[in-house]
Amino acid sequence: MTSKLNFSQKSKPRYRRRRSSLRNAPLRRENSIFQQLFSAIGRLSPSWKACIPLASIILLLSAYTAVAQAPPGDLPETLTDTEELRIALDTMWVVIASILVIFMNAGFAMLETGFCRQKNAVNILSKNLIVFALATVAFWAIGFGFMFGDGNPFIGFSGFFLAGPDNSPAIEEAYVGVFDSLSWTGVPLAAKFLFQVAFAGTAATIVSGAVAERIKFVDFLIFSLLLVGIVYPITGHWVWGGGWLSELGFLDFAGSTVVHSVGGWAALMGAAFVGPRLGKYQDGRPVALPGHNMSIATLGCLILWIGWFGFNPGSTMAANHTIAHIAVTTNIAAAMGAISATLVAWMYLGKPDLSMIINGILAGLVAITAGCDGVSVFGAAIIGTIGGILVVFSVTFFDSIQIDDPVGATSVHLVNGIWGTLAVGLFNVESGLFYTGGLAQLGVQFLGVASVGGMTVLLSTIFWVALKYFLGIRVTEDEELKGLDIAEHGMEAYSGFLKDNRGMAGGSP
């Protein structure tokens, strides 16, 4: 009896300790998991750590959209056969135009690669591929909502992840949803998003060429996410999202300011903060670092020229009679830009420089983008001619202040984006100075250029400075000498060919 009692008394504490240990086991396992997680994070490079907050935000928002996403609406049963056919044709045209604009990424990739040296070809091709993928996700997650979602005159607050009510293709008073700023076009929401995300990707890829051959790959990716997710949609909301500039009557039909100037301002700040390439400026004078393949640069230019027929005519977002006029003004401006740039370069530089011919075409295209729907064919010719002249002098100007832009992105997209936007105030047949004698439209255009430029410069500067402080935005001197293909990607675009070291210390002149 005593032994049993003693056995029982002795075993109880052990039993209680065991039960307590079992209760604490999950807590210890949880602590162990967190310790392993924090330890793993601690071993990550600063570049990967910088991506964790963005990944967390996307994960949380995706959980939200899983329950908030509205199913696509069916067409109202009251539509007539004619109305259904119109919607189908409009949707087909918008999708085709979207594909043309997306294909412009191939043009940008080939143009930038050809204008740069062969040892950086893989890096530039990689950036132009991944930037559209990043732009698609960032614009889907937050950019489209900031730009076109219902909100206030400065920013949209709804429609993230395309979530929320939307009865597109209903238009105007019949529309019910969170994207009122797009209720003017009678196509489904998916078509609206596809077209707009193609534009967002274009704004991001403009930056790629201006900072080419010396920027870290991860910094470019992070900046692209910030540009497409925050900078581009906020300023875009002011113009195309029903914001305060649109209420004042600011006109930018296809994006000389919204797309090209925004990308150009961001590119200018990036080129300024990252600094010039090694060997570019010697004794205060610019040294030519020629591109390695002008053939693919020329092909890239032609792809962009063709893609612009989706960029400008596609901005009607409807298959109507104005498409033909917009296509003609677009083509005339490009042609005149090429001719004027060729002649000016021939007289100013002594030779008909192919790179200037290419940039002259692009300058004419960028310049006509804002007013392609509202100017005459003759007006488009003047706009393109001036654009081609401006790009030649702009390239030499940026070189004179030691802003190293290997492809001339700032001269093409920023300078001619500004010119094209102001040209609307001069040549628009309904409100331009040369047709009405009034300065009202030109004044609004000036205000739009200044305000969008100011906001883009402010936000871009913040982002570039933060990246420079936390990660460092430039590769090492040794990596730049070797080329970013080997340093950043561990591969070569032209395996077995002699490396191009022109302009580098120790390289051939």
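These are my notebook entries on a predicted model of one protein.

**Ground rules.** I number residues from 1 along each chain as its sequence is written.

**Overview.** I looked up the secondary structure and found 17 helices and two strands. Both are DSSP runs, numbered from the N terminus: helices are H or I with at least four residues, strands are E with at least two. The protein has 509 residues, and 50% of them count as buried. Buried means under 20% relative accessible area, exposed means over 50%, and partly exposed is in between (1.4 Å probe, protein chains only). The protein exposes about 22,700 Å², with 68% supplied by carbon and sulfur atoms. Accessible areas come from the Shrake-Rupley method with a 1.4 Å probe; for residues, only the protein chains shown count as cover.

**Aromatic pairs.** I searched the whole structure and got 19 aromatic pairs. Rings of Phe, Tyr and Trp (its six-membered ring) pair if their centres lie within 6.5 Å; planes under 30 degrees apart are stacked, over 60 edge-to-face, and the rest tilted. I checked Phe144 and Phe179. Their ring centres are 5.1 Å apart and their planes are at 55 degrees, so this pair is tilted. Phe144 sits in helix H4 (residues 121-148), and Phe179 in the loop between H4 and helix H5 (189-210). They are 35 residues apart, so I noted a link between distant parts of the chain. Phe144 is buried at 0% relative accessibility. Phe179 is also at 0% and buried.

Next I took Tyr348 and Phe393. Here the centres are 4.9 Å apart and the planes at 50 degrees, so the pair is tilted. Tyr348 is in helix H10 (residues 322-349) and Phe393 in helix H12 (residues 377-400), 45 residues apart. Tyr348 is partly exposed at 42%. Phe393 is partly exposed at 40%.

I also found a cluster: ring pairs link Phe139, Phe144, Phe148, Phe179, Phe193 and Tyr232.

**Charge over a ring.** Lys127 lies over the face of Phe220, 5.0 Å from the ring centre. The rule asks for NZ of Lys or CZ of Arg within 6 Å of the ring centre and within 35 degrees of the ring normal.

**Inside helix H10.** I looked up Thr329, which is in helix H10. At 0% relative accessibility, Thr329 is buried. Thr329 and Val377 are 48 residues apart in sequence, yet 5.3 Å apart in space, C-alpha to C-alpha. Beyond its neighbours within four places in sequence, Thr329 has contacts that include Ile368, Cys372 and Val377. Contact means heavy atoms within 4.5 Å. Among contacts in the protein between residues at least 6 apart, 75% join residues at least 24 apart.

A cis peptide bond joins Ser168 and Pro169, with omega about 15 degrees. Pro169 is in the loop between H4 and H5. Glu172 is in the loop between H4 and H5. Its phi is near 50 degrees, a positive value in a residue other than glycine. Glu172 is partly exposed at 43%. Met317 is not a glycine but has a positive phi of about 50 degrees. Met317 lies in the loop between helix H9 (294-311) and H10. At 1% relative accessible area, Met317 is buried.

Methods:
This is a predicted model: local features need pLDDT of at least 70, side-chain atom pairs count only at pLDDT 80 or more; totals for chains, interfaces and linings use all residues. Side-chain values use heavy atoms; hydrogens and water are left out.
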